[in-house]
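Q: Please take a close look at one part of this model: the place where its chains meet. Then follow the packing further in.

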Amino acid sequence: MQHLRASCCQTSCMNDSELISQILNGNMNAFTFLVNRYQKLVVHITGRLIQRHDELEDVCQDVFMKVYQNLDKYRNECKLSTWIATIAYNTSINYLRKFKKVVEVNPDDSVVLRNLTDCRSGDYERTDLHRYIHEQIELLPVQYRTVLTLYHLEEFSYQEIEQITGMPEGTIKSYLFRAKALLKEKLKFVVDENSLKSVKEITHE
Amino acid sequence: MNNEELDKIIEKSFRTKPDFQLPADFAQKVTLSVVRRDQWKNDLFEYLYLTGVIAALLFVVGGLYYYIDKELVVRVFSFMSGNIIQVIFAVFILNFILFADRVLLRLLFRSLPHPLQRRGLEFG
């Protein structure tokens, strides 16, 4: 037991390249640690993309299976997090295609805005505004959700997002701008000064 | 409404973690699946390897006997072609026993919980 604890402590102190070499040498504790280290990144990407909580665990497991199978092909050309995020993105997109969910190349913002406006526009006052914005993010097209998650939540750079998604940098910037503009447009109509005050109280700003 | 305030709220929402959750033992589950998949692959490879070795041995021994006692080999072949259904059945049964021994039973025993786990005790 002490040996196991010592080995866990050793793995927790390792950097990514040491962790990879340990996994390739057959140390499964190192792989468990790698999963623990990157599961939040994977769950954020897959969760935002596939939007099915019942399938989330299976898709995440599939992502880590692919990570394990292809770990020997990983070259230190990019960060391990970028490489894992690429696998998570591709697995989620393949999942969406498999279930014939439309992945539009260039979404029509007027249609998107109409979808946002149509949904639960009266409910926000009773709930936290951040929760409301999160609900609206879930209604955005898949590309918008992807770039928002990667840029704001996981704090990847434009170059890294380009590597992960294969979208050109200009497109990424445009999607980020448009997603924000759409949400802002929506919020302008539904948030008044009173609710803004209550949000500030909740978030202690 | 102030544009900057709205920007602040949106930016903050973007940075707030969504409530997607994985079970606490997710990493252990994934590792177990990986280990089991590896073991299944190894077992299958071992079975195919053994089958190949046995088939090659039969072929080599048959070839040698052909030079030593040609008549015996011809008689064996004529017996086999005369009872082709029974021969295929016997080969199938033997092959299945080998497959069960090398792959299926191992898979079955690995999927059963460890005796200590069944009693709710910690093991590691």
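A: Two residues count as in contact if their C-beta atoms, placed from the backbone, lie within 7 Å. This is a predicted model. By that contact rule, 24 residues of chain B are in contact with 36 residues of chain A.

Start on the chain B side. Helix H1 (3–15) and helix H2 (26–68) of chain B each supply at least two residues of the side that touches chain A. Sort that side of chain B by class: 14 residues are nonpolar, six are polar and four are charged.

Now turn to chain A. Chain A is divided into domain 1 (2–98) and domain 2 (109–203). These domains touch: twelve residues come from domain 1 of chain A and 13 residues from domain 2 of chain A. On the domain 1 side, helix H3 (28–50) and helix H5 (80–98) of chain A each supply at least two residues. That side of domain 1 has seven nonpolar residues, four polar and one charged.

Last, look at a helix pair in chain A. Two packed helices are described by the angle between their axes and the distance between the axes. Helix H8 (residues 142–153) of chain A packs against helix H9 (residues 158–165) of chain A at an angle of about 135°, and their axes are 10 Å apart. At that angle, H8(A) is oblique to H9(A). Their crossing is right-handed. From H8(A), the contact uses Thr146(A), Val147(A), Leu150(A) and Tyr151(A). H9(A) brings Ile161(A), Ile164(A) and Thr165(A). By class, the contact of H8(A) with H9(A) has five nonpolar residues, two polar and no charged ones.

Terms used. Residues numbered from 1 in each chain as written. Chains lettered and ligands numbered in written order. Predicted model: local features only at pLDDT ≥ 70, side-chain atom pairs only at ≥ 80, totals over all residues. Helix = DSSP H or I, 4+ residues; strand = E, 2+ residues; numbered from the N terminus. Nonpolar A, V, L, I, M, F, W, Y, C, P; charged D, E, K, R; others polar. Axes fitted to C-alpha atoms, helices over the stretch in contact; angles between N-to-C directions. Parallel < 35°, antiparallel > 145°, perpendicular 65-115°, else oblique. Left-handed = near helix turned anticlockwise from the far one by under 90°. Domains from an automatic or database assignment.
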